[in-house]
Amino acid sequence: MTTATTPLLRPTLVDRVVTRTWLSDIALVVAGTALVAVLAQVAIPLWPVPVTGQTLAVLLVGASLGAARGAASLALYAVLGGLGLPIYSDASGGWSVLLGPTGGYIIGFIVSAALVGWAAERAWDRGWYKPIITFIGGSLVVFAIGLPWLAVSLGQLGLPNDLQSVLVAGFYPFIIGGLIKAAIAAALLPALWAAAERSQQK
């Protein structure tokens with residue numbers, strides 16, 4: 001029974017254009033994984049953490065698929081890459097990558113997709129300011145998990161892992177790019193919603 005205090009969950013973007021079945025859910029989860037894998041190869045090589053298009057893909061997958069399917073898609077990405085498929089940045093794969101300096105970011109992608117998907121199910125992917133808040137929040141979640149992981153990894157490698165060193169290695173170089181990716185996602189989603197709604201009216 002729905003009460004006045006129960007949030008109304010809205011269909012996600014893909015639910016407006018694809019009839020939801022267990023088969024379509026599986027296909028969409030795999031498609032989301034593929035999108036992240038492709039944009040992972042759009043990269044500016046940096047060490048220990050490269051600049052990639054992954055976060056943009058994560059935001060779009062979470063917003064389009066919703067919390068459960070978005071998180072499943074990024075969990076599949078993490079597992080398949082860990083098993084050795086060359087789908088991480090620079091066509092890399094293996095558990096050594098997942099356990100290395102960038103592993104926390106990959107795990108953070110799962111939480112980010114779930115958070116952005118949760119917000120999208122409550123229509124926070126509509127309008128102009130709500131998507132920006134949602135996508136910046138989703139990007140920050142990745143850093144919240146990735147930076148402590150990076151600090152531990154740098155320490156294990158015998159490298160400086162004080163707060164400033166970690167921020168220089170894994171946060172400062174990504175601020176401008178992260179804002180740009182959040183802005184791109186925030187611009188794309190309302191446009192895609194408008195297109196989906198126009199197609200429904202035909």
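Biologist: Which residues does F135 touch, leaving out those up to four places away in sequence?

Modeller: In this predicted model, F135 touches L59, A63, V116, A182, A185, A186 and L189, with neighbours up to four places away in sequence not counted. Contact here means heavy atoms within 4.5 Å. Residues are numbered from 1 along each chain as its sequence is written. Local features need pLDDT of at least 70, and side-chain atom pairs count only at pLDDT 80 or more, while hydrogens and water are left out.

Biologist: Which residues have the most contacts inside the largest nonpolar core?

Modeller: In soluble globular proteins, nonpolar side chains tend to be buried together. A nonpolar core is a set of buried (under 20% relative accessible area, 1.4 Å probe) Ala, Val, Leu, Ile, Met, Phe, Trp, Tyr and Cys residues joined through side-chain atoms within 4.5 Å. The largest one here has 49 residues, and L74, Y77, F135 and L150 have the most contacts inside it. Helix α3 (residues 54–65) gives the largest share of this core, eight residues. Helices are DSSP runs of H or I, at least four residues, numbered from the N terminus.

Biologist: At what angle do α2 and α4 cross?

Modeller: Two packed helices are described by the angle between their axes and the distance between the axes. The axes of α2 (residues 22–40) and α4 (residues 67–82) come within 8 Å and cross at roughly 55°. Axes are lines fitted to C-alpha atoms over the stretch in contact, with angles from 0 to 180 degrees between N-to-C directions.

Biologist: Is S24 buried or exposed?

Modeller: S24, found in helix α2, is buried, with a relative accessible area of 12%. S24 touches V18 and T19, not counting residues up to four places away in sequence.

Definitions and conventions:
Helices (H or I, at least four residues) and strands (E, at least two) are DSSP runs, numbered from the N terminus. Buried means under 20% relative accessible area, exposed over 50%, partly exposed in between (1.4 Å probe, protein chains only).
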